[in-house]
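Here are some exercises to work through with the coordinates open beside you. Try each task on your own before reading its solution.

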Amino acid sequence: MHRVRGVIARSKGAPVETTTILVPDPGPGEALVRVQACGVCHTDLHYREGGINDEFPFLLGHEAAGIVEAVGPDVTSVAPGDFVVLNWRAVCGTCRACKRGRPWYCFATHNATQPMTLEDGTRLSPALGIGAFAEKTLVAAGQCTKVDPAASPAAAGLLGCGVMAGLGAALNTGGVGRGDSVAVIGCGGVGNAAVAGARLAGASRIIAVDLDDRKLEWARGLGATHTVNGRTEDVVEAIRELTGGNGADVVIEAVGRPETYRQAFYARDLAGTVVLVGVPTPEMQLELPLLDVFGRGGALKSSWYGDCLPERDFPLLIDLYLQGRLDLDAFVSETIPLDAIEEAFARMERGEVLRSVVVL
C-alpha cells in the first residue's frame, strides 16, 4: 500500500482539496504509475460540479504521463521503468466493436479493479478510471501506452484526453486530407488541437472560429490560415466567403452547443462532413429541417476521444512531436503544483489558458 498526496472533490461544487490517499500494489492486469504530469481538463471540473455522476468523493485528474513503478501478475504490455501516457480507453479486444475491427469504439474498456481510498477506507472514484491528480495512481495495464521517454511529460500527457480528442477529430473522425478546407468552431484546447490536426493532415485552408481574439491568435500559431470572430461576423457567411462560396469540406464543432452545431451544419460544403467533438449537456436539444439533412448529403459524425486507438496513435504523435512536426508544447500554458488546481479551474473557465499542467 502506498500513501501519497492526491486531489479530491468531496461534494458537488465544493473546492477541491489535497489530502492523503492510499494506493494498493498492483493486482492481476494492473499497473502502478508514478505520475509526472497531469493536465487540468474541463472534464475534471465537470466531475467536481456533479456533471458526470454523483459518486463522490472523486480522485480527479486523467490527462497524464508518468513512469510505471510496478505491474501485477501476467502483465506483459508494460514493465517497470517504462514512460507511459495514460488513456481512458483500454480496449478489451473481445466486444462486438473490437471483433469488427473497430477497437476505437470498444464498449467494454478496462479499469483497475482494486479501489484507491482515503485513509479512513472511503473508496474513491477515479476520474475516467484514472485519478492522476496524485503522486501515484493505479490503473489497468491497458491504460498505459508506452511512448518515447525523450518527450516532455507535460506535453505528452495531453494526449491522454483533450489534445488527442481534437487531433483525432480532424485526423480520424473527420478524415481531413491533403488540400481540404477545414473550419473549426471553438478554439479552446480541443479546438486548437483540431486546428493542429488539420494542418498535420495537409489541409490547404484552416478557418478558426471563436468569440475571443486571444484564442484565435493561438489558433494562428497552431496552423490556422484564417480566423473569424463570431462576435462581430456572421460565422456561416464568413466561412462560405473564405471557401469560394461553397462551405468547408470538414467543419469541426468543438463547443458542444446547438447554436454552434447549426453553424457547423450550414457552413459545410455539399456532401461535406460535420464532426461534433464538443460535449453537450444532457438538456440540450437540436432542431434541423430534415429536408436540409437529406439535401445537403455528406456525413454528420460524433468524435469520441478523437476515435483514437492509443497504442497506435500515441507513439506516432509523440514521434511527430519529437521531430518538430507537432507542437504539443504550445498547449502547455503554465505548469503548476498539485495544490493549485482550484485556481487553474478558474483560469480555464475565464479562457486564459489552453492547458494548465500539474507537474509532480
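**Exercise 1: A threonine and its surroundings**

Thr117 has a relative accessibility of 14% and therefore counts as buried. Keep in mind throughout that this is a predicted model.

*Task.* Find the strand that holds Thr117, and list the residues that Thr117 touches beyond four places away in sequence.

*Solution.* 
1. Start with the cut-off: buried means under 20% relative accessible area, so Thr117, at 14%, falls in that class.
2. Leaving out residues up to four places away in sequence, the contacts of Thr117 are Ile21, Leu22, Thr122, Arg123 and Leu124.

**Exercise 2: The sheet that contains β7**

*Task.* Work out the strand order of the open sheet of 5 strands, then trace the bridge partners of Ile21.

*Solution.* 
1. Reading across the sheet gives β7-β2-β1-β4-β8, and the pairing is mixed.
2. At the edges are β7 and β8 (125-126), each of which pairs on one side only.
3. Now take the pairs one by one. β2 (residues 17-23) is joined to β1 (residues 2-9) by 7 bridges in the antiparallel sense.
4. β2 also pairs with β7 (residues 117-118), again antiparallel, over 2 bridges.
5. Ile21 in β2 is the bridge partner of Val4, and Leu118 in β7 is the bridge partner of Ile21.

**Exercise 3: The parallel sheet and a helix on it**

*Task.* Determine the order of the 6 strands in the parallel sheet, and say which strands helix α8 touches.

*Solution.* 
1. The 6 strands run in the order β13-β12-β11-β14-β15-β16, forming an open sheet with parallel pairing.
2. β13 (226-229) and β16 (299-302) each have a single partner strand, so one side of each has no neighbour in the sheet.
3. On average, and ignoring direction, neighbouring strands are turned by 15° against each other.
4. Helix α8 (residues 258-266) packs on this sheet and touches β11 (181-185), β14 (248-253), β15 (268-276) and β16, with its direction at about 150° to that of β15.
5. Look at the helix itself: Thr260, Tyr261, Ala264, Phe265 and Tyr266 are buried in α8. Their cover includes β11, α7 (235-241), β14, β15, α9 (290-296) and β16.

**Exercise 4: A helix pair**

*Task.* Describe how α5 and α6 pack, starting from the angle and the distance between their axes.

*Solution.* 
1. Helix α5 (residues 189-201) meets helix α6 (residues 213-221) at an angle of about 25°, and the axes are 9 Å apart.
2. Angles under 35 degrees count as roughly parallel, and α5 and α6 are therefore roughly parallel to each other.
3. The crossing of α5 past α6 is right-handed.
4. On the α5 side, Asn192, Val195 and Arg199 make the contact, and on the α6 side Lys215, Trp218, Ala219 and Gly221 do.
5. Sorted by class, this contact has 3 nonpolar, 2 polar and 2 charged residues.

Note on methods. Residues numbered from 1 in each chain as written. Predicted model: local features only at pLDDT ≥ 70, side-chain atom pairs only at ≥ 80, totals over all residues. Heavy atoms only, no water. Axes fitted to C-alpha atoms, helices over the stretch in contact; angles between N-to-C directions. Helix = DSSP H or I, 4+ residues; strand = E, 2+ residues; numbered from the N terminus. Parallel < 35°, antiparallel > 145°, perpendicular 65-115°, else oblique. Left-handed = near helix turned anticlockwise from the far one by under 90°. Contact = heavy atoms within 4.5 Å. Nonpolar A, V, L, I, M, F, W, Y, C, P; charged D, E, K, R; others polar. Pairing = 2+ DSSP bridges. Buried < 20%, exposed > 50% of the residue type's maximum accessible area, 1.4 Å probe, protein only.
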